[in-house]
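Have the model open as you read.

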Amino acid sequence: MDFSLPPLITSFIDRGNGLLWGSVLIYLLIGAGLYFTVMTRAIQVRYFGHMFKLLRSSRQSSGGISSFQALSTSLAARVGTGNLAGVAVAIYFGGPGAIFWMWMTAIVGMATSFVESTLAQAYKTDHGDNTFRGGPARYIERGLGMRWLAVLFSICLIIAFGLAFNSVQANSIAQAMEQAFAIPTWVMGLVLMAVVAPIIFGGLKSIAKVAELVVPLMALLYLALALVVVALNIGDLPAALSTIIKSAFGIEQAAGGAVGYAVSQAIINGIQRGLFSNEAGMGSAPNAAATASTRPNHPAAQGFIQMLGVFIDTLVICTATAAIIIMAGPELLAGDENNGIQLTQMALSSHVGDWGGMFVAIAILLFAFTSVIANYSYGESNIEYLAGRRAPMAVLVYRLAVLAMVMIGSVASLGAIWNFADLSMGMMAIINLVAILLLSPVAFALFRDYDEQLKAGKEPVFDPSRFPKLKHKVDPKAWPARHDKR
């Protein structure tokens, strides 16, 4: 079964994606990341150790969603097939040097993630059940007063993450299970529906609890295997790192006169796949960031925690995949048919034997499954924003639609649906980037407030009354005014 769109619409979508992802978004995302890095004086470098310090106390919450659970939920969405197939595609089309540019994208993206997640916390709203809701839709309306733009963002997110991407993730799971274990795709679709349903009907707390358990486990297992591969090939590690650096700047291609093309392909593929993987600036992760009850009780605390998510996704997990592929040798890149997940499977199998392909299939199952429930949570938050008082009925319809899309994705060839999702995500990314650039003075002020208290030896506490331009825009139930003398 093939889901396709009329040729005219398909052509429009392809042109839109070519414009957005071929030029506009790359420059806007990297430019914004560099701007935030300069304005915070390289916050991702200066506060690198502080992120881990906060992580140690992030499991605590007063019955709501902890900072660690919010991080796990955002990682559940970030860590998916892109970490396995996306890295392989970047290396295949851009060469090993693409990995270097993925690293650079993640480093500047950490500053972007800090800004958008801090804003999500500052403008979050009380949900009445000891949890919060927030994200770009809330800070666009509350911070900029542009509800129409917030509504447009929410619609784009629901289409991309809530529905289309969940079909794609289900398709990845079903195809991998069929190839590795000969499980029919329709059977896998029914199993996925049966497993996903009770989790999403349990609400955001249920999703956060599942993510808290599964995400660290799947990441650690995958990283452990990657470390085994590196240990078995430790003598090849310096050469692999050298290949990445040389390829990134065209040193190896200089003699052949193809240096310009090689470098451009490395940069384009590395940046594109890096942005797809870590989602910094896309406006997706702030929806999870806003749900947390932070400790310290300050919006910037979740900003630091979410910076760590970008680091783990790209600089740790994507690097692990790159090591597996590059250390397998250049001959794997010679074929035309193995340029995605098959390349990762073949590379791992060459290191550990035939069971490596099955391990990758199981890894896809876990990575994509957690992405489904995290993507759902992003959509739920925005459905509630759009529906207002009618949220309970709207959320029920949305849950049933998500389950239907999981089943459809398991058995169908998705065709143009994937490209349509890319277009929706591109539009929401542009909306979010414009919003956080306009609201960046607020994020910078919150960062300075946090930093001053920290340097004074105090646990940072957010007092809205200290911010004249902000105090009337935050939810008083989410951030009650504090008048403690500091």
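In which helix is Thr37 found? Thr37 is found in helix H1 (residues 7-39); helices here are DSSP runs of H or I, at least four residues, numbered from the N terminus. This is a predicted model, where local features need pLDDT of at least 70 and side-chain atom pairs count only at 80 or more, while totals for chains, interfaces and linings use all residues. Residues are numbered from 1 along each chain as its sequence is written, and side-chain values use heavy atoms, leaving out hydrogens and water.

The side chain of Thr37 makes a polar contact of 3.1 Å with that of Gln44 (N or O atoms within 3.5 Å, one able to donate a hydrogen and the other to accept it; residues adjacent in sequence count only if both atoms are side-chain atoms). Beyond its neighbours within four places in sequence, Thr37 is in contact (heavy atoms within 4.5 Å) with Ala42, Gln44, Val108 and Ala111.

How do some residues compare for cover? Buried means under 20% relative accessible area, exposed over 50%, and partly exposed in between, with a 1.4 Å probe and protein chains only.

| Residue | Relative accessible area | Class |
|---|---|---|
| Thr37 | 16% | buried |
| Cys156 | 5% | buried |
| Cys318 | 2% | buried |
| Phe201 | 39% | partly exposed |

As for the cysteines, the structure holds 0 disulfides (cysteine sulfur pairs within 2.5 Å).

Over in helix H7 (residues 136-144), the buried residues are Pro136, Ala137, Arg138, Tyr139, Ile140 and Gly143.

Notes:
Helix = DSSP H or I, 4+ residues; strand = E, 2+ residues; numbered from the N terminus.
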